[in-house]
Structure formats: C-alpha cells, structure tokens
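Thanks for coming. Please look at the screen while I talk.

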Amino acid sequence: MGKLSTQVDPRWFDSDTKAEALASGLAVQWLGTAGFRVVAQDHHVWLDPHLSRHSLWEVATQRLTPKPDRIDADVDICHAVAVGHSHFDHAIDTPYIAQKHGAKVYGSESTLNLCRGEGVDEGLLTRLVPGELHSEGPFALRAVRSQHSTFAFGRVPAPGDITAPLATPARAERFRVGEVFGLHLGCGHGSVYHVGSADLIEAELEGVQADVVLCCTVGRYATENFTHRVIDALKPKLVIPCHWDQFWRPLDATPKQIPTNDLAAFLAEVRSHPSAPQVRVLPPRGWAGVGG
Ligand SMILES: [Zn+2]
C-alpha cells in the first residue's frame, strides 16, 4: 500500500475488550478523528469528541450543526470534555455533549465561545491556560501550548480565534483554530497525552512525560521528523495513532484513511525510534487498557 492508498489493513487493529481495558485502571477508547474517551475510576473524560462526521458535501455546501443521533449513539457517560483546538472536527459536538450530560468543558477561549453561542452554562466552562493544573475526578488535567500543522499548502486552515459566541448552524470555516493545546491527563494508573494536530513545541514539553501518546498522524509530513520528535519529547511506552480516518464518513462504515496519511509508514516510524515504543492501532470504538 502506497502513500496515497486509503486502504486499512484489518491486521493492524489491536484492541482490548471494554472490560479488559477498564480492569487495567486506565482505559482509552478511540471514536474516530482525534476523539477519545479516557476512563479511570468510572470517571469519563472525552478529548476532542467528534461523532457528527458531516459529509464532505455538507462541509462544502452547508452550515453545520451537531448530529444528536450520532453523538448519543456513542457518548453515553461524560463527566468532562477537553478540547485541543476549535476546528469543527474537534469542537463542534462539545457544546451538545456538555449540555446533555452537564459535563464540564476545558478549552481555549475560542472553544468556550462556541459553547457560549450554543447556550452552555458558564459555570461548566473552564479556560485552559498552559501549565495550570485542574483536578477532574481521579485525573490531573493540564494543557501544554502547542501548534497546528501547516498541512494546507503551508498554512493552518481557518486561522485566528472565535472572538464572540458562535451558534450553529455555522459554516466550517467559522470554527477558527484558536489556541492549540496538547492535553495531558494523569492519574494513579498512568498518564496519556493527546496530540490533536501533528505538530509540537518541544520547549513547552520540557519536564512533561506521558506513558501513552494519542497521536494525530494526518498532516505530519508538514512537520519535519514529527513522529520521532514526539517520542523524543514525551518518552511514551505506547503510541496510539488517531486522525487517520476519513472523518467525513460515518463511524459505522468500513474505515478508510485520509489520502497521504500512510498509517503503515507511521507504524514504521514509531518502531524505528531507538526507544521502540509499542504502537497499537485501535479500530473505531476500540478500547485499550493502558493502566499499570
Ligand atoms: Zn485542526
């Protein structure tokens, strides 16, 4: 399979049952795009949940609004949502989830403005400031300043901030990127670090370590030596790729890669790092027990 292939080899998939994952004390579930659920002690924190998965036709021609049926099919329990940047494929579902579950939202001012536009109670909203620690159930959550990959002809798509409350329906380009964060979640059973866009700022990661990196793969060729730099910086034992799937197709459809993503090459990149971390590809809705 070449760089442009969108095929996914089912032999890449390696997941645990939900029960196995939860029994490890720290469980992650991948739900397409950069969306994960992280669970410890029955506390469910969602990172960049994106279940609406509008079609390319909808994205190109329509104003977007969240799809409650698709969100409710997967988001059954949610105590908090943390969002790494406010592009629609990372943030559009967060206000609906927050309202439905009374869940807290952690995000940039842009993400909070999206929540405000949709009428989320201000008391649920916490602005992320790099370096500040938040207790969220059994987790300590902190944001690390990061940056978005410049994969779109050398640019970040939809640059700038959402500077005022934004209500849906809204065109995709209204979901401006805002501040970009890596999200670190630690608990007594281990730690995970979420890289929602394939870039990083090493200086911001000094002193930060994570057992597991939830790693965006698409667009990484715009960031020199991205995969090894992430592993150098965070020294993980395990890497779980994300944002490789065609997020404009339903989660129930057979997964296909975004052209140029080249997941096979990513697996080789991880395995060729001198520290040789483990790498596991989760299928859509797949679980991994990562607690130790
Ligand atoms: Zn983005």
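Predicted model: local features only at pLDDT ≥ 70, side-chain atom pairs only at ≥ 80, totals over all residues.

Residues are numbered from 1 along each chain as its sequence is written.

The protein chain has eight helices and 14 strands. These are DSSP runs, numbered from the N terminus: helices are H or I, at least four residues, and strands are E, at least two. The radius of gyration, over C-alpha atoms, is 17 Å. Along the principal axes, its C-alpha atoms fill a box of roughly 50 × 40 × 35 Å.

Of the 292 residues, 51% are buried. Buried takes 20 or more other C-beta atoms within 10 Å of the residue's own, exposed 12 or fewer, and partly exposed lies in between; C-beta atoms are placed from the backbone.

Now helix H7, residues 226-234. Which of its residues are buried? Phe226, Thr227, Val230, Ile231, Ala233 and Leu234. They cover an arc of only 165° around the axis, so they sit on the same side of H7. That arc is taken from the directions from the helix axis to the C-beta atoms. After H7 comes Lys235, with a positive phi near 50°.

Last, Ala23, in helix H1, residues 18-23. Buried or exposed? Ala23 counts as exposed, because it has 12 C-beta neighbours inside 10 Å.

Conventions
Rg over C-alpha atoms; globule rule 2.2 N^0.38 Å.
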